[in-house]
Amino acid sequence: MSGKPVLSLQRGMTILEEVAARPEGAGLQDLAAAIGCSAPAALNLARTLVAMGYLRRQEKPVRYVVGEKVGELSRLQSSRSHIGELKRRMATLVERFPGLSVHHCVFKGSELVIERTLEGGAGGVFREGADYVLPAYTSLASMVHLAFWPDTLAAEYIHRHPFDIYGSAYWRSRENFEAALDRIRKDGVYHKSQDDTENIGMGIPIFTAGRSLRASLTLGWRPPRKEGVDFKAMRDEIAGAALEAFAVEGSP
């Protein structure tokens, strides 16, 4: 269905384009000339865009520059595009290994949380925003992050979650815990168990292009009950596929 464009909207968008093209900002006469109307008409449109956050007015002399809302729209678009790419990568793993649960984990505030999950087989259910808090030292994600975080960040996390309270019962000693972190750094992946043939659980680090830890991926999968299944080979295949898909996470 076609129709005439809304003139005031056209003029508002033209003003935005004009201002964006001028790093030094645009004066009222510049705006009026860009949209071919009087200065008072341009002023009313500029006031509306300022009120909405798309323009910002500078004084002495009066100039209009791009407002914060324009940046927010750009960041929102980038974020949604990034989430779409993240979901696609997660889906490739779930489709390849039906029944696999994939959890995307990030550090928020002072806690590690599951931010997004995809599970339930090919075309499975994608959930985001639950921010389920993960326990320190016993969760896959916490061990991956502690292994690859900078020393200062790891020390802050341990200070907030004392090992003697939260980790000693599970790891028995600080030496066992540190040895596990060393294995994760060496292997590039954390296997919850080396010999459990009932369930596969592993944590995968996700780095930025600059090799800073950005997030982690945790995977849970129950191997098919078939004779002759090579558990170790299957576990390594899943780990390899995850590392290949998520070697670097960045905005697509």
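Start by selecting Arg211 and Phe207: the charged end of Arg211 sits over the Phe207 ring, 4.0 Å from its centre. "Over" here asks for NZ of Lys or CZ of Arg within 6 Å of the ring centre and within 35 degrees of the ring normal. A word on what you're looking at: this is a predicted model, where local features need pLDDT of at least 70, side-chain atom pairs count only at pLDDT 80 or more, and totals for chains, interfaces and linings use all residues. Residues are numbered from 1 along each chain as its sequence is written, and side-chain values use heavy atoms, with hydrogens and water left out.

Stay on Phe207, which counts as buried at 8% relative accessibility (buried is under 20% relative accessible area, 1.4 Å probe, protein chains only).

Now look at aromatic pairs, meaning rings of Phe, Tyr and Trp (its six-membered ring) with centres within 6.5 Å. The count is 10. Helices (H or I, at least four residues) and strands (E, at least two) are DSSP runs, numbered from the N terminus.

Next, select Tyr137, Phe163, Tyr170, Trp171 and Phe177, which form one aromatic cluster. Then show Arg174, whose charged end sits over the Phe163 ring, 5.1 Å from its centre.

Finally, zoom out: the chain has 10 helices and eight strands, and 40% of its 252 residues count as buried.

Terms used
Buried means under 20% relative accessible area, exposed over 50%, partly exposed in between (1.4 Å probe, protein chains only). Rings of Phe, Tyr and Trp (its six-membered ring) pair if their centres lie within 6.5 Å; planes under 30 degrees apart count as stacked, over 60 as edge-to-face and the rest as tilted.
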